[in-house]
Amino acid sequence: MNALWWIVVLSALVAPAIGARPAHADEADDRFAVAAEHYRAERWQLAAEEFAALVAKHPDHRTRGEAEFFLAESQVQLGDFAQAAEHFEAYLDREPNGRYAKSALFRAGEALYLGGDGERAARQLAAFLEAHPDDELAAYALPYLGRLALDAKKFDEAEKRFRAALDKFPSGPLADESRFGLARTHEQQGNHAAAEEGFASISARRESPIADVAQFRLGLVRYTRGGYAAAEKTFAELNSTFAETKLAAKSDYWRALAIKAQQRFDEAARVLIENAERDPQSPLAANLRYHAGDALLAAGKNDAAIEQFDRVLADYAESSLADDALLGKTQALLAKDPAAVDALAEAWKQHAESPLARVARRLQAQASIDRGQYDAAVEQLKVLASEAVPGDDAAATAEQQTAAYFLAVAQHGAGKYEEALAQFAALQNAADESLKSAVALGRASTLIRLERYQQAKPILAAFLTSHPEGPDAATCLAELAFCHAGLGQFDDARKRYEEFANAAKDGAAVLATTHRLAEMAYRGDRRDWAAALFAVLARDGNPAEYVARGLSGQAWCQFTDDDLAGSAATFLQLVEQFPTDPLAAEGAFVRGKALEKLGDYDPALLMYRTVIDKFPDAPEAPGAILAAAELHERLKQRADAERYYRQFLERFPQHAKLDTALYQLAWLLRERDASVSETDAARRAAEAETLFERLRHQHKQSPLWSDAVFRLAEAARDRKDVAQVAALIAELATANEKSADGKPLVDAQTLSHAFYLQGRLAAELGDWSAADKAMTALVEHCPESDLKLAAQFWVAEAAYRQGEYEQAGTRFEALAADPQTTAASWRGMIPLRRAQVLAQQKKWSDAIALAATIEKDFPDFAQQYEADYLIGRCLAAEGKFDEARGYYAKVTQSRHGGKTETAAMAQWMIGESYFHQKDFAAAVKEYLRVEILYAYPKWQAAALVQAGKAYESDGQWQEAVKLYSQVLRKYGQTEYAAEAATRLRVVEQRARSGDEAAKH
């Protein structure tokens, strides 16, 4: 809590004027006067002792409350914050509305804050702000809460508090602290540009008490952003501008690091050594010596570097940098004499816990790479790369990066290109230039393997410029040709290819390069060049494998150019000329594709079956089975399609397109066929769900995954399995990965429909809190969804159904103002709900006026009966029972609502209106219509109870007995049964009394 930037103004409140002492002042009065005088004189310890004694010895004295408060104030000044908070809270308990209640509430929070009890402090300060949002002490409370939130890494809340402090108190006592806190919030969130702007604005006001601290953090932010020159200047200006700053040593240290980061190693070492010698006892001394050695090591001055590292090891052996210095010394020794590795072998054994042990293990891994033992090297270096290196300075980073570099080299050698690329990418900004160069070439090589040519091309061009006649020049020309081709620059690719063909001495390499470029030209829609290159491969005299590839390529070019007949003929030539060549299967497969495009479905299916039957182990076999299945499905031959999908699943359980087969078969099984019995349909639907489950669990990266999960959610919805629906939707909502095709795993449309499904199910089951949550998630996560407007309606509806009428009113008003609602089928519900909200707020006239517009504005509104009912209720609330009955009658006679529960309620309300007018006979008549005409037990029971009360009011005890008995007999499970039972006992007694009176 006592960070440099936070300045707390511990102002003491002035004690009340003592005035004349009471004529008969007692011991407590005296003690209070003494304590008050100590307090005024800022003798805090004495004041605290006297106030504490008064509180302890005179707990019921009239000054007890003030004594408690000023005891707490004294303890604040003494730094005893925990005790102060207790006494502030005790004062509030004793005098919640006392003279100092407001101050005590704030001070309690402040004391807890200063005492480090952040959780309780936040509660107290928030309570203070809620009670006194505009009080001048809020200028302190808001920044305090901002700092607490920042410490807890609740960045949104911190920003909110700091901004509120600045908005309300732009010139307040902690305005700069709030600006600083806002900048720190940005900094910790990685928003360095905003942080830099904030710190710069504070440091520019030299009169600010935290200007130097802001300047220091400004330098750190610039350093973090890689603006080392700007950081150097910032730190230099701090020391020259703020002569009395306590940050001078730290500023010089970071200035030197900024110089070092700019690779001015000699200058950095000089500044670091000067500062180390100026104050050898400085907490930064070990850092200064170590970085001086590291700078000298980078400058190639190994002896001088060793001297500095030895100073760290000798003078600061307990420093956390001692191991780093030992590692630096080792690096310097190795730079002088590589044979030193052997000399240090024993040292490594003796210092197994030292970072030197990492060096030994890394060198061993490098030896494995040199011997081509890539997998072994990967395993060794993965362990190294995953281990944390002690320290967080440049040397530790360099060691980590070196291990990561060699891990990338080993992964590349092992063919793990994506993993290697990730490692190389993480090292692009390595400080060491030689490592940086090696990383760049490694990246280029890996990018070539991954066909990411735009990034590889400049690296290769630079290499070719520096090595025009080298042994790798021809290979580099070929790879540059690949880069140009991959980028669609086929004229440049052709030029590089021709240079390569002239320079290359290896005929096999020429054919291999020709084939690869032919494939790339084909994929790049330069089929003229592709066909020419494939023709080169198909020449007589070439190895059979290249002739086959040439024929295959020519056929593919024809196929792609829609010369389907020519393509089919060329593939047939391939199959006949090279029947055992693996490309024969491809030829048959693609010939089938060509025939399918030509509409020759039976011959196409014959080709697919040829691949399936004659080349069951060919790479094309899975595609042929899928193609056959899909063609059968397109031809409505579902049984055949299903057979092939099942064959695919059985034969190729690990195939990349297994997800497609699972998905398509599941959809086939879901489709209803009139010839299938209900039992078989249910069985097939269950199997479809099982297939979707397989896709969900086994193919998370599939583009079909999200739809499969959604279909499972639909099935769970149909079963009303709320928990499963929630789990599936949550799985969709939290899936942030990319699918195998590079697109988001869950697209916004699927996610929006998923949230909507969940919300509608919750609404259907009456779980309005869950409905609100699901629909709100849709609005927030899928703002472009075509379901957004409907979701906003359901959010408003959920608020209404949960009794949050003010919030519901606000939301429905927003919907009413949205022009998009004019096209919504439910738009009539908006004024209805708004009117209902007004009725809940007892704004009867306003509710009537709004509800009355619905019939005119929405003449076909199916819920018009709801509006009529509402108008009736409002009129009844105003005592206009005759008018109310007219609207209730409209409900009962409504085409849409005449038999709904609302109609039952309206009929009940007709009875109520007569009851309130004391026309009990009419009331009974209307109540009994409810019981007779409507099948809603709640209202039937309510109507019978009310009818019984009406009979009671008319003295018809026996009739009342009958109705109450009927309630117990027919509607004993309703909420009205208990009231009916109670009234029945009373009425039976009265009925008996009436019978006795009649006898006499």
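At roughly what angle do the axes of helix α44 (residues 829-840) and helix α45 (residues 844-852) cross? The legends below describe close-up views of a predicted model.

**View 1. Helices α44 and α45 of the predicted model, shown where their axes cross.** The axes of these two helices come within 8 Å and cross at roughly 170°, and because angles over 145 degrees count as roughly antiparallel, α44 is roughly antiparallel to α45. The crossing of α44 and α45 is left-handed. On the α44 side the contact is made by Pro831, Arg834, Ala835, Leu838 and Ala839, while α45 brings Trp844, Asp846, Ala847, Leu850 and Ala851 to it. Sorted by class, the residues in the contact of α44 with α45 are 8 nonpolar and 2 charged, with no polar residue.

**View 2. Helix α42 (residues 788-801) and helix α43 (residues 805-817), with their axes crossing at roughly 155°.** The axes of α42 and α43 come within 7 Å, and the two helices are therefore roughly antiparallel to each other. The crossing of α42 and α43 is left-handed. From α42, the residues Leu789, Gln792, Phe793, Val795, Ala796, Glu797, Ala799 and Tyr800 meet Tyr805, Gln807, Ala808, Arg811, Phe812 and Leu815 of α43. The residues of this contact divide into 10 nonpolar, 2 polar and 2 charged.

**View 3. Helix α15 (residues 285-298) and the glycine that follows this helix.** Helix α15 has 14 residues and reaches 20 Å from its first C-alpha to its last, which is close to the 20 Å expected at 1.5 Å a residue. Of the 14 residues, 12 are buried, so α15 is largely enclosed by the rest of the structure. The buried residues include Leu288, Arg289, Tyr290, His291 and Asp294, as well as Leu296 and Leu297. After α15 comes Gly300, whose phi is positive, near 80°.

**View 4. Gln263 and Lys918, two residues other than glycine with a positive phi.** Gln263, with a phi near 70°, is found in the loop between α13 (248-261) and α14 (265-278). The relative accessibility of Gln263 is 40%, so this residue counts as partly exposed. Lys918, for its part, has a phi near 60° and lies in the loop between α49 (901-916) and α50 (920-933). Lys918 is exposed, with a relative accessible area of 62%.

Terms used. Residues numbered from 1 in each chain as written. Predicted model: local features only at pLDDT ≥ 70, side-chain atom pairs only at ≥ 80, totals over all residues. Heavy atoms only, no water. Axes fitted to C-alpha atoms, helices over the stretch in contact; angles between N-to-C directions. Helix = DSSP H or I, 4+ residues; strand = E, 2+ residues; numbered from the N terminus. Parallel < 35°, antiparallel > 145°, perpendicular 65-115°, else oblique. Left-handed = near helix turned anticlockwise from the far one by under 90°. Contact = heavy atoms within 4.5 Å. Nonpolar A, V, L, I, M, F, W, Y, C, P; charged D, E, K, R; others polar. Expected span 1.5 Å × (residues − 1). Buried < 20%, exposed > 50% of the residue type's maximum accessible area, 1.4 Å probe, protein only.
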